[in-house]
Amino acid sequence: MTRIGQVVMLLHGGDREEARNRFLALWEEIGEDGDPLHRCTLAHYMADTQDDPEEELVWDGRALRAASGMSGETARGFYPSLHLNLAASYWKVGEERMARSHLSRAREACSGLGDDEYGDGVRAAIGRMELRLTGSDQLP
């Protein structure tokens with residue numbers, strides 16, 4: 001997780017390409033059978049480095065699949081954000097039905113969020129995505 005965190009700092013610093021390269025190297029090291037928390041976290045951030053919306057969708061899907069291998073409260077707290085990310089990715093590629101489906105799942109999973117800054121942020125992002133899907137954020 002420390003190494004993933006270091007690459008996240010690189011990503012947040014603006015070097016998406018280098019972050020993508022380092023995340024990919026970590027992904028190859030962790031492998032498909034690696035720790036689900038590591039795979040979920042890495043895939044989640046790897047999605048953020050993608051220039052192609054289709055590739056972003058692939059990585060968001062990997063993050064959700066990895067979360068299914070986790071147990072307990074950690075996984076429960078990830079599901080709203082993971083489904084929200086998939087909703088956004090599906091929206092970007094023009095798959096509105098799938099976007100709505102994952103947005104609904106994100107909303108349902110909100111019971112797993114705490115009443116804290118993170119939970120408030122995810123709930124607000126779900127609200128913004130709902131506006132996008134209804135077209136309410138599109139001004140004439």
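Here are my entries, topic by topic.

**Ground rules**

I am working from a predicted model, where local features need pLDDT of at least 70, side-chain atom pairs count only at pLDDT 80 or more, and totals for chains, interfaces and linings use all residues. Residues are numbered from 1 along each chain as its sequence is written, and side-chain values use heavy atoms, with hydrogens and water left out.

**Salt bridges**

I started with charge pairs. Side chains of opposite charge can pair when their charged atoms come close. My rule for a salt bridge was a side-chain nitrogen of Lys or Arg within 4 Å of a carboxyl oxygen of Asp or Glu. How many salt bridges does this rule give? I noted eight.

I looked up Asp51 and Arg20 next. Their side chains form a salt bridge, at 3.6 Å from N to O. The two residues belong to distant parts of the chain, 31 residues apart: Asp51 is in the loop between α3 (36-48) and α4, and Arg20 is in helix α2 (residues 16-30). Helices here are DSSP runs (H or I, at least four residues), numbered from the N terminus.

Asp51 is exposed because its relative accessibility is 61%. Arg20 has 18%, so Arg20 is buried. I also found Arg16 here: Arg16, Arg20 and Asp51 are linked in a network of salt bridges.

I moved on to Lys92 and Glu56. This salt bridge spans 3.0 Å, N to O. Lys92 sits in helix α5 (residues 72-92) and Glu56 in helix α4, so the pair ties together parts 36 residues apart in sequence. Lys92 is partly exposed at 45% relative accessibility. Glu56 is buried, with 13% relative accessible area.

Then I checked Arg107 and Glu130. Their closest N and O atoms are 2.8 Å apart, in a salt bridge. Arg107 is in helix α6 (residues 96-108) and Glu130 in helix α7 (residues 117-134), so this pair joins parts 23 residues apart in sequence. Arg107 is partly exposed at 36%. Glu130 is also partly exposed, at 31%.

**A negative patch**

Which residues form the negative surface patch? I listed Asp52, Glu54, Glu55 and Glu95. Patch residues have over 30% relative accessible area and no salt bridge, and like charges are joined within 9 Å. Asp and Glu count as negative. Each charge is placed at CG of Asp or CD of Glu. The areas come from the Shrake-Rupley method with a 1.4 Å probe.

I took Glu54 as my example. Glu54 is in helix α4 (residues 53-67). Glu54 counts as partly exposed because its relative accessibility is 45%.

**The core**

I turned to the nonpolar core. By my rule, a core is a set of buried Ala, Val, Leu, Ile, Met, Phe, Trp, Tyr and Cys residues joined through side-chain atoms within 4.5 Å. The largest one has 37 residues. Those with the most contacts inside it are Phe23, Cys40, Leu84, Leu103, Ile126 and Met129. Two or more residues come from each of α1 (2-12), α2, α3, α4, α5, α6 and α7. Which element gives the largest share? I found α5, with seven residues.

I closed with C-alpha separations.

- Leu57 is in helix α4. Leu57 is buried at 13% relative accessibility. Its C-alpha atom is 5.2 Å from that of Ser89, 32 residues apart along the chain.
- Gln50 is in the loop between α3 and α4. Gln50 is buried at 12%.
- Val122 lies in helix α7. Val122 is buried at 7%. The C-alpha atoms of Val122 and Glu54 are separated by 23 Å, at 68 residues apart along the chain.
- Met70 is in the loop between α4 and α5. Met70 is buried at 14%. The C-alpha atoms of Met70 and Leu11, 59 residues apart along the chain, are separated by 25 Å.

Note on methods
Patch = residues over 30% accessible without salt bridge, like charges linked within 9 Å, V, L, I, M, F, W, Y side chains within 5 Å. Buried < 20%, exposed > 50% of the residue type's maximum accessible area, 1.4 Å probe, protein only.
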